[in-house]
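Please keep the sequence and the structure in view while reading.

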Amino acid sequence: MSDHEHAAGGAHVMPVKVLLGVWAALIVLTVVTVWSAQYDLGRIDLVVAMGIATVKATLVALYFMHLRYDKGFHTVVILGALLFVALFVSMSLLDRAAYQPEIDARTVDLKAR
Amino acid sequence: MSTTQTSVAVGAEVEPDYLACSKGWKSWLFTLDHKRIGVMYLIAISASFFLGGLFALGIRLELFHPGEDFVDADGYNQLFTLHGAVMVFLFIIPGIPAALGNFVLPLMLGAKDVAFPRMNLASFWLWMFGAVFFVAVLASGGLDTGWTFYTPYSVEAQTAVIAAATGAFILGFSSIFTGINFIVTIHKMRPVGMTWFRMPLFLWGMYATAIIQVLATPVLGITLLLLVFERLTGAGIFDPNNGGDPILYQHFFWFYSHPAVYIMILPAMAIVSELVSVFSRKPIFGYKMIAYSSVAIALLGFLVWGHHMFTSGESKVAAAIFSALTFSVSIPSAIKVFNWLATMYKGSISLATPMLYALAFIFLFLIGGLTGLFLGTLSTDVHLHDTYFVVAHFHYVMVGGTLFAFLGGLHYWWPKMFGRMYSEKGAAISCLVAFAGFNIAFFPMFPLGAKGMPRRYWYYLEQDFISYHQLATVGTVLLGFGLLGIVIVLLRSLKSGEKAPANPWGGATMEWDAASPPIHHNFHHTPPVHDPYRFDDLRRDPATGNYSRTDAAEPVSSH
Amino acid sequence: MTIAEPSTPVQHEAEHGDHPPFIAHHFEDANHQFESGKLGMWIFLVTEILFFSGMFCAYAVYRSMHPEIFSYAAQFLDSKLGGINTVVLICSSLTAAWSVRCAQLGQRKGLILTLALTIIGAFGFLGIKYVEYSHKFHDGLLPGKYYQVQSESVADVGLAPSVTGAEGDAATTEADSGAAGAHAAVEDEHAGSHAPAEGPEPDNVKIFFGIYFAMTGVHGLHVIIGIGVYIWLLFRAIRGDFRPDYYGPVDFTALYWHLVDLIWIFLFPLLYLIH
Amino acid sequence: MMLTLAQAGEGTFWFPAQAAEDAAKVDDLFYFVLYVSVFFFLLIMTILSIFVIRYRRRDDSAPQKSPSHNTVLEIVWSVIPTALVVYMFYAGFTEYLSKRQPPAETYEIGVTAQKWSWNFTYPNGHVTDVLHVPVDENVSVLMTSEDVIHSFFVPAFREKMDVVPGRYTKAWFKPTMVGEFDLFCAEYCGTSHSEMITKVVVHPQDGPDSFEEWLREDSDFLSKLSPVDAGKKVYQMRGCAQCHSTDGTSGNGPTFKGVWGTERRMADGSAVTFDENYVRESILQPKAKVLVGYEPVMPTFQGRIKDDEITALIAFLKSLQ
């Protein structure tokens, strides 16, 4: 992709070819997600769905949002945010999983009342 | 506040300062000038502090005697809830960044304004809008959930929980706007020559604070939104009566509210770093360590929220992880204290009022920080959690730390903000009274808590605890007198204080290159960048009390 | 020099003759202003991500601890409409990205067209969302205390398989040709041994709808805000405000719009495509 | 400033009596952290004072030069505190693990917290409002709440655990001292949070006051006492007394004095006679009919109370004319 145009400030201009290509890829991946959801893949169900979603998200971020051609710092900012999200979700989940039996036991007892 | 033009302003033209350049309430309420926004914030948060202080006084007067004196149990529950909510959301969180930070940050960068002046004004208006909700809470049945809004109590409480949560939600956005503004300003508005490691430490502190505001505050927003949703529909996310999980609520809440503690204390540490250096006339010791430790505290501060939940039913694994990480935050904090101490070594220490506050901060923050060790230690926390020990600990950090540093910063920048010097003697006496009152009020709470007095109790076992409570009440009144003294001294200076020179303390950061008070655009020409902690080229003129640079002073770069 | 109302750009133009009107007085040049705005926007996106993270966290906790609620309740969502909405949002994301290109190159007509298309896409998304929501309201598939399923009404509308085990016959499902995606998934479940529709309703299905409405509702609110901003941009584009050296607002709004798209890209499989 | 030499049975400057096996270990760690803290506090304050006096400003000349950083010093003052806090973490963590992991053999008592009283259920099904435990035996408590979060806090045992609705939490302790100790609710739970206080009675191993004797005597009250007296005991032990007075004063709930057989107005406008059916329904489904002027805060006793107890309670209420 050497024929990139540049705007007045030196900013990167996304070629139409790339825009349409990314769009087509996103549509195809959406169809793939819906199609794959018809099959019960068991435990990897979620992994497949999230994998496809992540690929789509990455495409949007890199091309529609210009991250690939943008300042590296912006990528750092977003990845940093995702790191904190991961931290938040994983610690809450880890804790909940550990005390789930105590909730289950109480639920059973309340039902028996 | 008449037009003040000191003899030291660089430009020859006579240009009115930012206070006098335009008149009328509209020129204030719709101003885009960071200095005016800072001053409006200062007035607004001071009013909130006064309100929160009245609630505190109510709590302490009720507890002077064990039985019912002038409020009943419900009234008492409202008092401590509103005291906490007003102090946290309306005063401490915006306190240093939005009031002092707004005023000082662009000046320290030699900039004309923050990066997004409109957003800055929007932040102030959001604050006002959020405050309106709190007023509505007061007018419509109050709030009795504790400032933490723990579920399921907050789901079934009969008080104005939704209004309060909405208010806090809006205040959160006010805080986010300030944070975004400061990050971009520090990234993009630094003058040529001011590299990251030539920034004043106050800016490092503000930067670290802004990171927390941006990363943590949105989680508070969604937590409160889901809480309101839970109350309205019984969605079953946080309320166990509908299949929800109250411990999950606590994870959500503390993911914001623990880092929020660092929103409170990091700016305080940043102010103290400035004060200790300027009033010792010594370059700050271990500049890089202090800068790094600010960012380290900000990031590590996100990993420790679970230490509020050691006895909540949190799992053992989580408790162990959070306890270990909690201790890791203590190290950068300790490093800062040692660095301040080393800065004073062989210095030329002036005990002007701002420095008194800095020393008081070190004293009080040390107690606050060290008592944190008892609470980070798992087995002792099981005993101390939710007792007065915790109450004393966080008041030593938030009041002893943040409030005293805020007051130190206020006294330090007051001449810059309003162009007037206050009475040194009156200010110093008020400081000492407040310091003594604070210690008398809160130190007794440590043994009181360890003996087993739970917090948020309206009633207590008379024979055991009465003397501690009475001491605390006496201290609170004394603290109140100290604070009143501060207000009188500062307000009097506006009327009858001497005109302040541009640089009354001998500071080397760029805000002292501006006039006192600064002109609307801060500087006529962007001043050259100097080492922010080099004092040997500053000389005091005994006639004016102003410090100015000698010819030997070579800027790091000119612009 | 007296400054009456110092913050108006005109005043600064007088002071700094080299400043075009679209550059605020405290920035050095157009690039400085653009770069500052862009960083500000990225940091704002960080706050958005963290804002949504709370709901993703709640989702993760309840889905991993109570998968039965999710697999039972997700069959009531119409994955065909959800899929169409995904495509609609991707298309409007494309036009948003294209609008940035047009603005950068100074193509005013193209800019107006792409902005208008983006707005149309956004309205299309909301319209489909409205259809989905009204079905949910009609069927009582609502959060918390409003969750009140009447099996007949569900069967009548035919957008979801029947609720109770007694009525969970495949005929109802197959008769409804309107929701192929969801039903294909459900039929596949029927082939397996643990078809959720045939089992008894698990406890607390309302939690799913609480999370569903919270997530899609907050997301929908972001779409509405986006529409407002895009209408404002369209107005400014028609007025001719944007030029190759001043297109920041178009670029920043597009970033926001892509994030709204990104979040939907995750919401769609998480909410609609569950076994 | 610290009186660390604890006499058994007495409190110190910092702590109440050590009445459980764990207490001494918790206190020892507390004192270790305390000594470290006091040492560093005094050290820093002393140095600070010396600097302030020695280097006070005399004139406006610049101070003498001194280093702006010193790697050795900085490493020392980072490493020493790190080592100390690592030890604190380790000691606190191991003690916490033993606090949270009950031994294999324990005497298990069920704890139900509700606004604003405690119910303790013993293995034989007997329920009390004061916690009775045997001395020198491992006792575990399996706790849950009927309404909001409460917290089980016995300062003399150095034990605290939140009591959470919708799930169980556990705690255990081994009392080492015979006597009565305070038991507080430590998590804010509404109006009468500060009155949600009861006692732990630690019984001796043998003799007429032993735990075994007490339990046998106390469990028998329905057959031993007259219905009215038995009802009065139910009234006290089930925590009714926390909200419903028998002297005519109004608490969080209506008084029981002189209401039997009267017509009562409900929040929804209807009128209900205060009779056996109403009392039974209010115990099992308290939110079904709420008296006007009161909030629906009473927890349900469905599945938690024996029918005989309700009968006795009704006899007692009838007697309050």
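In chain D, the C-alpha centres of domain 2 and domain 3 lie 24 Å apart. The domain assignment, which is automatic or taken from a database, gives chain D domain 1 (1-51 + 71-101), domain 2 (107-219) and domain 3 (225-319). This is a predicted model, in which local features need pLDDT of at least 70 and side-chain atom pairs count only at pLDDT 80 or more, while totals for chains, interfaces and linings use all residues. Residues are numbered from 1 along each chain as its sequence is written, and chains are lettered from A and ligands numbered from 1 in the order in which they are written.

Between these two domains of chain D, 14 residues of domain 2 are in contact with 10 residues of domain 3, contact meaning that C-beta atoms, placed from the backbone, lie within 7 Å. On the domain 2 side, strands S1 (107-114), S2 (117-121) and S3 (127-128) of chain D each give two or more residues, strands being DSSP runs of E of at least two residues, numbered from the N terminus. The largest share of that side, three residues, comes from S2(D).

Turning to the cores, the largest nonpolar core has 391 residues; such a core is a set of buried Ala, Val, Leu, Ile, Met, Phe, Trp, Tyr and Cys residues joined through C-beta atoms within 7 Å, where buried means that 20 or more other C-beta atoms lie within 10 Å of the residue's own. Helix H8 (residues 246-280) of chain B gives the most to this core, with 24 residues, helices being DSSP runs of H or I of at least four residues. Among the residues with the most contacts inside the core are Tyr207(B), Phe361(B) and Ile211(C). Not counting residues up to four places away in sequence, Ile211(C) touches Ile237(B), Met55(C), Ala58(C), Tyr59(C) and Tyr62(C).

Methods. Buried ≥ 20, exposed ≤ 12 C-beta atoms within 10 Å, placed from the backbone.
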